[in-house]
Amino acid sequence: MYALNDAVRIQPNYPVGDDNEPTFTAPSNKPDIECFYDAFNLICEVTMLRNRDQWYNEGQPVMRHLRDFEDLYPDKPAYCIFIAPSLHRDTMNTFWAAIKMGYEGRPQRIIPLTTNQFAELLVVLSELIMMNSIFSHIQLRRLFDAILEETKDINDSRDWIKKIPAVIAWWSEQVKSEPAN
């Protein structure tokens, strides 16, 4: 997350070793990473789970972490990116309900990404660096909002998840075509 953009502060909640690599997961009741930007805040939740355990271990906790984070920092909109090797159907339906109908009375902004899709963001960052451009949190928020915007016209979580790669591709072209900073 440090390499991606211009955060005011990034707070990992997991323990790290001398090499700054994670040694264990974040403690319960805390998001994996908290990110603070001028225009919004973000939590990152990462899992290696692929099967139904992903839903069981991540579904409610991710939504709860985001709601607690939103309540703790109500001055800005809050998003959550959920990164996993693959996105389990039950997990996506849980997040879909939180986005469309809300969690504890308010809709949430959860962006589910596969590790490959997240890697695409890093590729865009690398290309921008090669073009002497700067990647800003506003550009990242534009991607998040575009992914969430798709939920307004789609009535099936499976269709939404299928559209995310096209949204990332559209966003990538938009970002790369912007003038260098």
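Five strands make up an open sheet, arranged in the order 1-2-3-4-5 with mixed pairing; helices (H or I, at least four residues) and strands (E, at least two) are DSSP runs numbered from the N terminus, and two strands pair if DSSP finds at least two bridges between them. This is a predicted model, in which local features need pLDDT of at least 70 and side-chain atom pairs count only at pLDDT 80 or more, while totals for chains, interfaces and linings use all residues. Residues are numbered from 1 along each chain as its sequence is written, and side-chain values use heavy atoms, with hydrogens and water left out.

Strand 1 (9-12) and strand 5 (110-114) stand at the edges of the sheet, and because each has a single partner strand, one side of each is left without a neighbour in the sheet. On average, neighbouring strands of this sheet are turned by 20 degrees against each other, direction ignored; axes here are lines fitted to C-alpha atoms, for helices over the stretch in contact, and angles run from 0 to 180 degrees between N-to-C directions. Strands of a sheet pair through backbone hydrogen bonds, either parallel or antiparallel.

Strand 2 can be followed through its partners. Strand 1 and strand 2 run antiparallel and are joined by four bridges, with Glu 34 in strand 2 as the bridge partner of Gln 11. Strand 2 (residues 33-36) and strand 3 (residues 41-46) also run antiparallel and are joined by four bridges, and these two strands form a hairpin with four residues between them. Glu 34 stands opposite Ile 43 in strand 3, and Phe 36 stands opposite Asn 41 in strand 3. Both faces of strand 2 are covered, since Ile 33 and Cys 35 on one side and Glu 34 and Phe 36 on the other are all buried; buried means under 20% relative accessible area, exposed over 50%, and partly exposed in between, with a 1.4 Å probe and protein chains only.

Helix 2 (residues 89-100) lies across strand 4 (78-84) and strand 5, running at about 155 degrees to strand 5, whereas helix 3 (residues 115-130) lies across strand 4 and strand 5 at about 95 degrees to strand 5.

Leaving aside neighbours within four places in sequence, Leu 113 is in contact with residues including Phe 82, Ile 83, Phe 118, Leu 121, Ile 147 and Ile 164, where contact means heavy atoms within 4.5 Å.

A search of the whole structure finds ten aromatic pairs; rings of Phe, Tyr and Trp (its six-membered ring) pair if their centres lie within 6.5 Å, and planes under 30 degrees apart count as stacked, over 60 as edge-to-face and the rest as tilted. The rings of Phe 40 and Tyr 79 are edge-to-face, because their centres are 5.3 Å apart and their planes stand at 75 degrees. This pair links distant parts of the chain, with Phe 40 in the loop between strand 2 and strand 3 and Tyr 79 in strand 4, 39 residues apart. Phe 40 and Tyr 79 are both buried. Phe 135 and Trp 171 form another edge-to-face pair, at 5.8 Å centre to centre and 85 degrees between the planes. Phe 135 lies in the loop between helix 3 and helix 4 and Trp 171 in helix 5 (residues 157-177), so the pair ties together parts that are 36 residues apart in sequence. Both of these residues, Phe 135 and Trp 171, are buried. Tyr 37, Phe 40, Tyr 79 and Phe 144 form one aromatic cluster.

Some loop residues are exposed. Glu 104, in the loop between helix 2 and strand 5, has a positive phi of about 50 degrees although it is not a glycine, and it counts as exposed at 56% relative accessibility. Asn 132, in the loop between helix 3 and helix 4 (137-149), has a positive phi of about 60 degrees although it is not a glycine, and its relative accessibility of 62% counts as exposed.
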